[in-house]
Amino acid sequence: YKVTGVQTCALPILETYPHPAVGQVTASFGVAIAKPGDRLETILRRADQALFKAKRAGRNRVVVADFID
């Protein structure tokens with residue numbers, strides 16, 4: 001799966017457009033790709049785990065979940 005587009009799209013937007021009321025905003029993202037037979041709970045669990053990895057790695061991070069539960 002080609003997921004580099006997630007990093008390419010999400011982070012430059014945050015870096016380019018600061019919030020007018022609070023200034024620079026940071027965000028981290030956890031991304032999971034659905035695979036055949038996945039249940040919603042499984043996809044959300046992988047995305048959640050990826051989000052926590054992104055937060056631990058620092059600000060403005062995107063982590064794509066592994067396909068391993």
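Modeller: Gladly! In this predicted model, the largest nonpolar core has six residues: A32, A47, A50, A54, V63 and A65. Helix α2, residues 40-57, gives the largest share of this core, three residues.

Biologist: What makes this set of residues a nonpolar core?

Modeller: The name asks for buried residues of types such as Ala and Val, joined through side-chain atoms within 4.5 Å. A32, A47, A50, A54, V63 and A65 make up such a set. V63 also touches F29, G30, V31, A50, K53 and A54, leaving aside residues up to four places away in sequence.

Biologist: How do you know that N60 counts as buried?

Modeller: Buried means under 20% relative accessible area. N60 has 17%, so it counts as buried. N60 sits in the loop between α2 and β2 (62-64), and has a positive phi of about 55° although it is not a glycine.

Biologist: Why is the pairing of D38 with R46 called a salt bridge?

Modeller: The cut-off is 4 Å between a side-chain nitrogen of Lys or Arg and a carboxyl oxygen of Asp or Glu. The closest N and O atoms of D38 and R46 are 2.7 Å apart, so the pair qualifies. Side chains of opposite charge can pair when their charged atoms come close.

Biologist: How many salt bridges does a search of the whole structure find?

Modeller: Two. R39 and E41 also meet in a salt bridge, at 3.2 Å from N to O.

Biologist: Are R46, R39 and E41 buried, partly exposed or exposed, and why?

Modeller: R46 has a relative accessible area of 2%, under the 20% limit, so R46 is buried. R39, at 54%, is over 50% and therefore exposed. E41, at 45%, falls in between, so E41 is partly exposed.

Biologist: Where in the protein chain is confidence lowest, and where is it highest?

Modeller: Confidence is lowest in α1, with a mean of 68, and highest in α2, at 94. The chain has a mean pLDDT of 82, and 80% of its residues reach 70 or more. Where pLDDT is low, the predicted coordinates should not be read in detail.

Technical notes. Residues are numbered from 1 along each chain as its sequence is written. Side-chain values use heavy atoms; hydrogens and water are left out. Buried means under 20% relative accessible area, exposed over 50%, partly exposed in between (1.4 Å probe, protein chains only). Helices (H or I, at least four residues) and strands (E, at least two) are DSSP runs, numbered from the N terminus. Contact means heavy atoms within 4.5 Å. pLDDT is the predictor's confidence in each residue, from 0 to 100.
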